[in-house]
Amino acid sequence: MAARNRSIFFDADDTLFDYPRAERAAMRACLREFGLRLDPAAFVETYRRHNLDLWQAFERGETDQATLRVERFRRVAAEFGIEGLPLEDVSAFYLEALSGQPQLFPGALATVRTLAKTYPLALVTNGIAFVQNRRFAASPITRYFRSVVISEEAGVAKPDPRIFEPALRAVGVEARDVLYVGDSITSDMAAARNAGMDFCWLNPNGAAAPPGPPPVGIISDIRELPGCADLLSHGSHARTVPPRKKKEAS
């Protein structure tokens, strides 16, 4: 029987790329650049909270990326009581710093390299184009993708299913023949559902699945994906892979 999933599409950040690590590095650079004497952990946590809220608003069509870029820092400054912070300059510096952070999760490169031997791959991500393009260009993983689609360049963002259209054309498959792998419920899972794609949920924290059709697979670590032969071949039944045992930090 022919394989059901003839292609695998991936989300980028928090799926293959270690975005929290990249974000921390860029935020610490901001603290140094603008002389902000704040606890780095508190600063990053506050930024993440406001950034998440704004990206979710963006996914709902309630704001745009130009507003988002500056508004997240305005909210952070207000919460910390920082006056006179040049928000446009902070935003520009942060994005420049972030664009130089191509860190991958452990095993991401090996996973993609292995799967690319059998399946045509694409990378489909929401994000700011110049930031993502620079990060992807600096990473050895990008060479394994036949198509790379960034929302700002595509003109639509997940969960809008139209974001997949450039990748579907480039790879030469239909949405029903794609397995999409991602971490976000509101962005990745919703986009896959809207497009009629099978979805594999990267769920490292064991969160509860949302209402609606379940993902065809649930994994806790991206390194588990190549071993999910049934998921990769047909995706007809949900599969949950037991969490990997975590090594102690050294």
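This is a predicted model: local features need pLDDT of at least 70, side-chain atom pairs count only at pLDDT 80 or more; totals for chains, interfaces and linings use all residues.

A: Leucine 179 stands opposite aspartate 198, a residue of strand 5.

Strand 5 pairs on two sides. Strand 4 and strand 5 run parallel and are joined by 4 bridges. Between them the chain passes through helix 9, residues 185-195, and this β-α-β crossover from strand 4 to strand 5 is right-handed. Strand 6, residues 217-219, also runs parallel to strand 5, with 3 bridges joining the two. Within that pairing, tryptophan 201 has isoleucine 218 of strand 6 as its bridge partner.

Next comes burial. In a regular strand, side chains alternate between the two faces of the sheet. For strand 5, Asp198, Cys200 and Leu202 lie on one side and Phe199 and Trp201 on the other, and all of them are buried. Since 5 of the 5 residues of strand 5 are buried, the strand is largely enclosed by the rest of the structure.

The largest nonpolar core has 28 residues, and Phe10, Leu16 and Leu225 are the ones that touch the most other members. The elements that each give two or more residues to this core include strand 1 (7-10), strand 2 (121-125), strand 4 (178-182) and strand 5 (198-202). Helices 5 (108-115), 6 (129-137) and 10 (229-233) are also among the elements that give two or more residues. Helix 5 supplies the largest share of this core, 3 residues. Another core, of 24 residues, lies apart from it and includes Ala26, Leu31, Leu36 and Ala77.

The axis of helix 6 comes within 8 Å of the axis of helix 4 (residues 87-98), and the two cross at roughly 20°. Because of that angle, helix 4 is roughly parallel to helix 6. Leu95, Glu96 and Leu98 make the contact from helix 4, while Phe130, Val131, Arg134 and Arg135 make it from helix 6.

Valine 131, in helix 6, has a relative accessibility of 4% and so counts as buried. Beyond its neighbours within four places in sequence, valine 131 is in contact with Leu95, Leu98 and Ser99. Valine 131 and alanine 12 are 119 residues apart in sequence, with a C-alpha to C-alpha distance of 12 Å.

Two backbone details remain. Most residues other than glycine have a negative phi, and most peptide bonds are trans. Aspartate 14, in the loop between strand 1 and helix 1 (19-33), is not a glycine but has a positive phi of about 70°. Its relative accessible area is 29%, so aspartate 14 is partly exposed. The peptide bond from lysine 158 to proline 159 is cis, with omega near 15°, and proline 159 is in the loop between helix 7 (151-154) and helix 8 (165-171).

Note on methods: Residues are numbered from 1 along each chain as its sequence is written. Side-chain values use heavy atoms; hydrogens and water are left out. A nonpolar core is a set of buried Ala, Val, Leu, Ile, Met, Phe, Trp, Tyr and Cys residues joined through side-chain atoms within 4.5 Å. Buried means under 20% relative accessible area, exposed over 50%, partly exposed in between (1.4 Å probe, protein chains only). Two strands pair if DSSP finds at least two bridges between them. A crossover is right-handed if, with the strands pointing away from the viewer, the path from the first strand over the helix to the second runs clockwise. Axes are lines fitted to C-alpha atoms, for helices over the stretch in contact, and angles run from 0 to 180 degrees between N-to-C directions. Angles under 35 degrees count as roughly parallel, over 145 as roughly antiparallel, 65 to 115 as roughly perpendicular and the rest as oblique. Contact means heavy atoms within 4.5 Å.
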